[in-house]
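Reader: I am new to this structure and would like to know what stands behind the labels put on it. Please take them one at a time.

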Amino acid sequence: MTQGLTCDVVVVGAGITGAACALYAARAGLDVILVDRGPVAGGTTGAGEGNILVSDKEPGPELDLALLSARLWRELAEEYGRSVEYEAKGGLVVASTPDGLAALERFASAQRAAGVTAEPVMGGALYDLEPDLAPGLPGGVHYPQDSQVMPALAAATLARASKARLLAGVTVTGVLRTRDGAVRGVRTDRGDLHAPAVVNAAGTWGGDLAALAGVHLPVLPRRGFVLVTEPLPRRIRHKVYAADYVADVASDSAALQTSPVVEGTAAGPVLIGASRERVGFDRTFSLPVVRALAAGATRLFPFLRDVHAIRAYLGFRPYTPDHLPAVGPDPRVPGLHHACGHEGAGIGLAPATGHLIAQALTGRTPALDLTPFRPDRFPEEAV
């Protein structure tokens, strides 16, 4: 590749968001190169649970993005459902106290006004949906729009479907710019890639790529663990989580937070989360965190006390200070587009992000107002 390659757009990052950007850009008629320093889904995507959620988002820009993405995921599932292990299983948020249930119902009421299907579930009806839940829970809210994919398979399937030229194991070392500052491609450790547009889909490392272009984008790693059980017959029918999970997602705290999130998978293992903490890129295994996840899961589903956990893994969510991703063109560098900073919602928000990026790349009016996601909305710092 030492002679360099030319295309319409270089997408940096072959996780689920980069793969979706490549797919929708190619469908819009663009010639795409997808480049990553590792394999497809080798970063945050490969460490995800595959959640496609509207249930954990309050009314606002992120929920609008999630609703668009949920529709696009359903369309993609019609094409690639088995290839991505798409399951339209719905979500169930449960409260442990009457006061918690009242707060959850207020949250759901606001979501319904914004277009979310949120169905109150009281008392015994909770156990019709999930018979193995802990006894005595007062109720919850059922979200039939929630779904799940297998994230690594999904990223690989979308990347393959895009027919983009995939350059795996190639590290971007610089952003090439013209004399007037516009993008003209990227420099890599294997040669230059020439293009009038570059998409920053580098996930947790999106701030580093932005810095190569000379702009500030505050994307920070937020570490999370997932506990995996032995394969089981399907006993957990939905994605089930405690109501305090929503508060943990929205928190600005750097300290450790855990709240039980439990779901079965098509392959049989149960996935147990969720933890959040800002500790940089520290990959140290934490037994206390994993124990907290197990304790939370068994409070929701007591039968899990007799189930073996076979492994745990960790990943880094791309966190931004206002909890919104950076999506769209960067006015500071013509030709530079950002598609990163989705925190733990990247799997779910990827199709909408890719769709909006493709519209921006081709000069069409975006399906959503991109103003809340502007990459230059953060206070400037020295790069």
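Author: Glu87 counts as buried, at 19% relative accessibility. This is a predicted model.

Reader: Why is Glu87 called buried?

Author: Buried means under 20% relative accessible area. Glu87 has 19%, so Glu87 counts as buried.

Reader: What is Arg234 called, buried, exposed or partly exposed?

Author: Arg234 has a relative accessible area of 38%. Exposed requires over 50% and buried requires under 20%, so Arg234, at 38%, is partly exposed.

Reader: What makes Arg234 and Glu87 a salt bridge?

Author: The side chains of Arg234 and Glu87 meet at 3.2 Å, N to O. The cut-off is within 4 Å, from a side-chain nitrogen of Lys or Arg to a carboxyl oxygen of Asp or Glu, so the pair qualifies.

Reader: Why is the pair of Lys89 and Glu263 called a salt bridge?

Author: The N to O distance there is 3.5 Å. That value is within 4 Å, so the pair of Lys89 and Glu263 is a salt bridge. Lys89 lies in the loop between α2 and β5 and Glu263 in strand β16, so this pair ties together parts that are 174 residues apart in sequence. Both Lys89 and Glu263 are buried. Salt bridges with shared partners join Lys89, Lys239 and Glu263 into one network.

Reader: How many salt bridges does the structure hold?

Author: The structure holds 16 salt bridges. One of them is between Lys57 and Asp56, at 2.8 Å, N to O.

Reader: How do you know whether Lys57 is buried or exposed, and Asp56 likewise?

Author: Lys57 has a relative accessible area of 4% and Asp56 has 10%. The cut-off for buried is under 20%, so Lys57 is buried and so is Asp56.

Reader: What makes β1 and β12 paired strands?

Author: Two bridges join β1 to β12, and the two strands run parallel. Pairing needs at least two bridges, so β1 and β12 pair. Thr6 has His194 in β12 as its bridge partner.

Reader: Which strands stand at the edges of the sheet, and why?

Author: The open sheet has four strands in the order β1-β12-β11-β10, with mixed pairing. β1 and β10 each have a single partner strand, so one side of each is left without a neighbour in the sheet, and these two stand at the edges.

Technical notes
Residues numbered from 1 in each chain as written. Predicted model: local features only at pLDDT ≥ 70, side-chain atom pairs only at ≥ 80, totals over all residues. Heavy atoms only, no water. Buried < 20%, exposed > 50% of the residue type's maximum accessible area, 1.4 Å probe, protein only.
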